Amino acid sequence: MKIYRVGGAVRDKLLNYPCFENDWVVVGSSPEEMIKLGYQPVGNDFPVFINAETGEEYALARTERKSGVGYQGFTFHTAPNISLEDDLIRRDLTINAIAEDEDGHIIDPYGGREDLSQKVLRHVSNAFVEDPLRVLRVARFAARYHHLGFTVAPETQTLMKSIVNSGELTHLAVERVWKETDRALCEQSPDLFIQTLRDCGALAALLPEVNNLFGVAQRADYHPEIDTGIHTLMALQQAAILSDKPAIRFAVLVHDLGKGITPDHILPSHSGHEARGLPLVKAVCDRLKAPNEHRQLAMTVTEFHLLCHKARELQPDTLLSLLKTVGALKSSTKLEDFLTCCTADAKGRTGFENSDYPSTPYLRAATKALQGIDISDIVNSGISGAEIGEQLALRQTDILQQLKDNYQL
């Protein structure tokens, strides 16, 4: 029985890149022996065991055979005579098919270290095409390592296109699609996840609402980059700079979906795209089963990002309504998340990447002014019920008018 560290932990150690989890492969053992040694079995698909002391997963070396559709369409075989090389060859990329023994020696039968050196994401074998989830995984690794100079090998791109053309992506469970997408959006270059999916045709299959943004023109005076899809990628880049929150990055990704269905006769204007986008954002969230935090922020940003951009111009009653709808008066976190998304949108334009976003300090100032209102005199005046709310609203709009008249950066 031999135990090897495998996959991401080895890859990132060789890259000197942060990694916070270990995966282990056990060669020359059996389920019975693992249980006897105190490992706890989990899962039904193939023998995986938990080390009670570390909580880390130990999987018996295995081979696999395609037996159905989708990433679950495989029959696995484990036995003491299955070698480490047999196990590693079933993996997706050469850089993930590297192992390390207990003495720190590297076992690299498929050229993973060379591909790390050459900064190439390359498939291990042609069995790559049997698992459609690998399209998303490669795109995620492209997002993870783009800043280090990694690119997808042309022959791997070809296989990714083959998977898309086979229709296998339609058999992926939405939970797995969401998991990979959410993880990819948290990587250092989430825009490369979207671009890589688009390059192989997978974006049209998985996120057609986002794919439809590419090639759609915008007014050059507002958007010098012109193409709405390019703007979306640029905004996503800015979101990654501004925040590591996945909900923020997701909201920025989908905030302009309405521009993908703008009627031709009003292009390059996109008047009303906010309202047009809401059903599309809802459809994406429903289809991917996005968490409520992602959904709520995405819907709010989609509907109100233009109002945020025009905050200094808004009349007090409109500004008050915006702040209430965003949730600014109840939660500073909701306000800041909304402002971060709108900032990313504003900066995600050619030539505006380093510009200030004046709506942020203005809306913060407005929120602070409203939170400082004392209504004790209103309550003590003897009025009650709805009338208190009416008087408060009058006082709030008066405060916001004063801010509008006297505000200075």
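Is cysteine 285 buried or exposed? Cysteine 285 is buried, at a relative accessible area of 0%; buried means under 20% relative accessible area, exposed over 50%, and partly exposed in between, for a 1.4 Å probe and protein chains only.

## Basis of the model

The structure is a predicted model, in which local features need pLDDT of at least 70 and side-chain atom pairs count only at pLDDT 80 or more, while totals for chains, interfaces and linings use all residues. Residues are numbered from 1 along each chain as its sequence is written, and side-chain values use heavy atoms, with hydrogens and water left out.

Cysteine 19 belongs to no disulfide, and the nearest cysteine sulfur, that of cysteine 186, lies 15 Å away. Cysteine 19 is partly exposed, with a relative accessible area of 31%.

For cysteine 285, the closest cysteine sulfur is that of cysteine 341, at 12 Å, which is too far for a bond.

## Glutamate 225

Glutamate 225 sits in the loop between α10 (208-211) and α11 (228-242); helices are DSSP runs of H or I with at least four residues, numbered from the N terminus. This glutamate 225 is buried but has no salt bridge, and the nearest side chain of opposite charge, arginine 349, is 6.1 Å away. A salt bridge requires a side-chain nitrogen of Lys or Arg within 4 Å of a carboxyl oxygen of Asp or Glu. As to charge, Lys and Arg count as positive and Asp and Glu as negative, whereas His and the chain ends are not counted.

The side chain of glutamate 225 does make a polar contact of 2.6 Å with that of histidine 223. Such a contact is a pair of N or O atoms within 3.5 Å; within protein, one must be able to donate a hydrogen and the other to accept it, and residues adjacent in sequence count only if both atoms are side-chain atoms.

## Salt bridges

The structure contains 20 salt bridges. In one of them, glutamate 187 pairs with arginine 144, with 3.5 Å between the closest N and O atoms. This pair links distant parts of the chain, 43 residues apart: glutamate 187 lies in the loop between α7 (174-185) and α8 (190-199), and arginine 144 in helix α5 (residues 133-145). Both glutamate 187 and arginine 144 are buried.

Aspartate 286 and arginine 295 also form a salt bridge, at 2.7 Å from N to O. Aspartate 286 is partly exposed, at 38% relative accessible area, and arginine 295 counts as partly exposed at 21%.

Key: Disulfide = S-S within 2.5 Å. Helix = DSSP H or I, 4+ residues; strand = E, 2+ residues; numbered from the N terminus.
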